[in-house]
Amino acid sequence: MSALGGGSSGGEGINPVGTVVGIVLLLLSLGVIFIVSPGMALMALIGVIIGGLLIGFGVHFVPVGGAPAAMGQSPGIATGVTMLAAGAGLAGLFGGAWAAELGFGVALAGGAIGGGLMMAITCLMVNVIYVYAMGIPAASGKVAKDPITGDTFEAYKSQGTEGHGLPFISYVGGVIGGALGGLGGTLIYLELLAVYEEFLPTALNAPAEQILPLAVSMAGVFAIGMFLVNAVIAAYNITGTIEGPHDPKFKRFPRAVIGCAVASAVCGLLAILVAVM
Amino acid sequence: MEELLFGIGISAVAGALATVSGAAEDTESDIGSQGDPNSQVQLAPQMGYIHRIYSKAISGEPPAYGLWCALGAGLAWALMAINYNPVLAIVLGSAIAVFVQGVYATTAYLGRTASLAKFEQPVYIDLIKSVTTVTMAHAFVAIFTCVSMCFLMVNALGHPFPLPLLGLVWGIALGAAGSATGNPFYGKERQYQTQAFGAGVPISASGNIVRYAEAGQRSSLDNGWFTSKMGGPASGVCFGLIVFLELWRTIFFEEFAAGWGAVIAGIVLILIFMIIDRFVETWARKTYGPYTEETAEEASS
């Protein structure tokens with residue numbers, strides 16, 4: 001644990017034993033669904049896994065500075081990784097669920113844009129506070145130059161800090177992260193909703209119209225739950241704070257992607273078995 | 001056309017409720033010191049700085065508000081199911097959720113502060129009496145407005161999610177927006193008011209928070225007074241914009257291009273916000289200029 005609150009430990013490599021165990025679990029989950037209900041349920045589980053991957057990958061884009069950012073001691077948004085990613089992703093899920101009846105593509109795009117818009121507004125307000133209320137210009141602590149705008153940061157960094165505010169690359173990263181989170185969350189919701197709409201009327205012996213509110217609620221709860229599972233796994237992979245796609249910690253994402261795939265497969269298996277069994 | 005106008009009107013009301021909710025949420029979290037800057041409140045006694053600041057950060061704002069808003073919305077939904085008037089149901093649901101918040105705040109303050117006993121940080125009973133109720137009052141405003149907004153989304157706009165689920169979704173988003181926007185103002189500008197304006201707090205100053213007011217020791221209520229001038233309203237604007245624009249783009253543009261109109265409108269809005277952000281960033285660089293030692297010395301002298 002450093003003085004800035006974020007531990008730098010965590011390593012960069014992928015643990016081979018853990019990866020093999022994870023892949024076995026993933027294949028096992030797919031195998032169980034294939035035996036119990038091949039076809040639609042299997043495709044839904046694959047969709048859930050892809051949604052989990054998107055969430056895990058997207059969280060790495062979100063610029064989070066944690067507690068040090070609240071004192072202008074490090075760049076990023078002054079809150080937790082999971083918190084912010086969940087806020088954006090669930091705002092996206094709200095939009096995606098609303099657009100579900102307009103078709104798969106529109107709903108997914110609506111979810112992605114909802115998450116991206118939430119982050120676009122939040123990141124802007126963070127910079128407004130830093131600039132107009134605190135008089136602090138943005139400065140990255142991880143790179144000397146903004147990869148998009150070419151702005152240099154060294155001269156603008158306050159003494160005794162690792163940088164502050166949200167440079168433009170972090171802003172763009174936040175929007176991409178929010179969009180990927182919203183996309184992943186909505187994909188999980190839509191896949192589970194399709195499974196519940198298909199199987200719950202038979203399982204509960206009730207007409208489809210009566211089942212619809214239950215199906216929507218269950219798919220929503222499971223989508224939120226799986227969103228948090230994947231966001232927490234990604235947050236553990238990041239260990240503390242991250243500035244966005246230009247941060248060296250961003251390169252750790254393959255490990256989180258594997259972890260999220262396994263966790264989504266196991267969670268998705270249980271969520272689907274609830275209706276299919 | 002009438003339906004469209006109705007939808008936009010509801011969006012505006014929901015946006016206004018969200019604005020109040022965001023402002024109350026941030027002020028509540030600053031009075032209770034629940035955001036990330038609370039790390040300094042917890043650190044201060046360990047560095048020898050005994051204080052009278054409240055401390056209830058045993059979870060982040062998003063999960064805490066997710067819980068309280070889901071609880072308020074769930075209770076309101078249950079009361080409405082037994083034919084209570086919606087307004088009364090939302091008031092009662094929010095009030096009961098606030099009692100849970102009060103229990104949470106009290107136990108959090110006692111637990112967190114008692115853990116600092118070996119650094120000689122006392123537990124102030126008068127603080128529990130004076131501050132807890134104020135955080136509860138602000139939390140009520142935040143929860144009531146958030147649940148009311150969710151109620152409008154379900155009953156007037158026809159969102160498919162049930163009320164408790166929407167309470168959870170928007171409670172988490174409320175906490176995320178409020179903590180992201182309001183935390184730096186409370187952390188840097190209030191807790192480290194003695195540090196130079198226009199620069200981040202040097203890591204070496206960590207823990208040395210401002211502990212004295214014009215008369216006597218600083219109270220957490222003073223922090224709410226201060227942050228309600230900027231951090232609170234800014235958080236309100238942030239959450240209000242998120243809610244209003246999300247609803248507005250969907251209601252107004254969903255009819256175009258089989259639903260893709262709302263997506264295109266969202267992309268345009270994101271690009272507009274991106275341009276504004278870039279303007280703010282370059283304005284700060286041009287106006288304030290690079291960091292200099294002299295600036296810091298002048299400000300501190």
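The legends below describe close-up views of a predicted model. Local features need pLDDT of at least 70 and side-chain atom pairs count only at pLDDT 80 or more, whereas totals for chains, interfaces and linings use all residues. Residues are numbered from 1 along each chain as its sequence is written, and chains are lettered from A in the order in which they are written.

**View 1. The helical fold of chain A.** Chain A has 8 helices and 0 strands, where helices (H or I, at least four residues) and strands (E, at least two) are DSSP runs numbered from the N terminus. The radius of gyration of chain A, taken over C-alpha atoms, is 20 Å, close to the 19 Å that the globule rule (2.2 Å times the number of residues to the power 0.38) gives for 277 residues, so chain A is as compact as a globular protein of that length. Along the principal axes, the C-alpha atoms of chain A fill a box of roughly 70 × 40 × 25 Å. Of the 277 residues in chain A, 66% are buried, a residue being buried if 20 or more other C-beta atoms, placed from the backbone, lie within 10 Å of its own.

**View 2. Helices α4 and α7 of chain A.** Helix α4(A) (residues 81–98) and helix α7(A) (residues 208–238) pack at an angle of about 150 degrees, with their axes 9 Å apart; axes are lines fitted to C-alpha atoms over the stretch in contact, and angles run from 0 to 180 degrees between N-to-C directions. That angle makes α4(A) roughly antiparallel to α7(A), a term for angles over 145 degrees. Residues in contact, with C-beta atoms placed from the backbone within 7 Å, include G89(A) and L93(A) of α4(A) and G220(A) and F227(A) of α7(A). By class, this contact has 14 nonpolar, 3 polar and no charged residues, with Ala, Val, Leu, Ile, Met, Phe, Trp, Tyr, Cys and Pro counted as nonpolar, Asp, Glu, Lys and Arg as charged, and the others, Gly among them, as polar.

**View 3. The side of chain A that touches chain B.** Here 71 residues of chain A are in contact with 68 residues of chain B. The largest share of the side of chain A that touches chain B, 21 residues, comes from α5(A). By class, that side has 48 nonpolar, 22 polar and 1 charged residues.

**View 4. Helices α4 and α5 of chain B.** The axes of α4(B) (residues 86–114) and α5(B) (residues 125–155) come within 8 Å and cross at roughly 140 degrees. The residues of their contact divide into 16 nonpolar, 8 polar and no charged.

Notes: Parallel < 35°, antiparallel > 145°, perpendicular 65-115°, else oblique. Contact = placed C-beta atoms within 7 Å. Buried ≥ 20, exposed ≤ 12 C-beta atoms within 10 Å, placed from the backbone.
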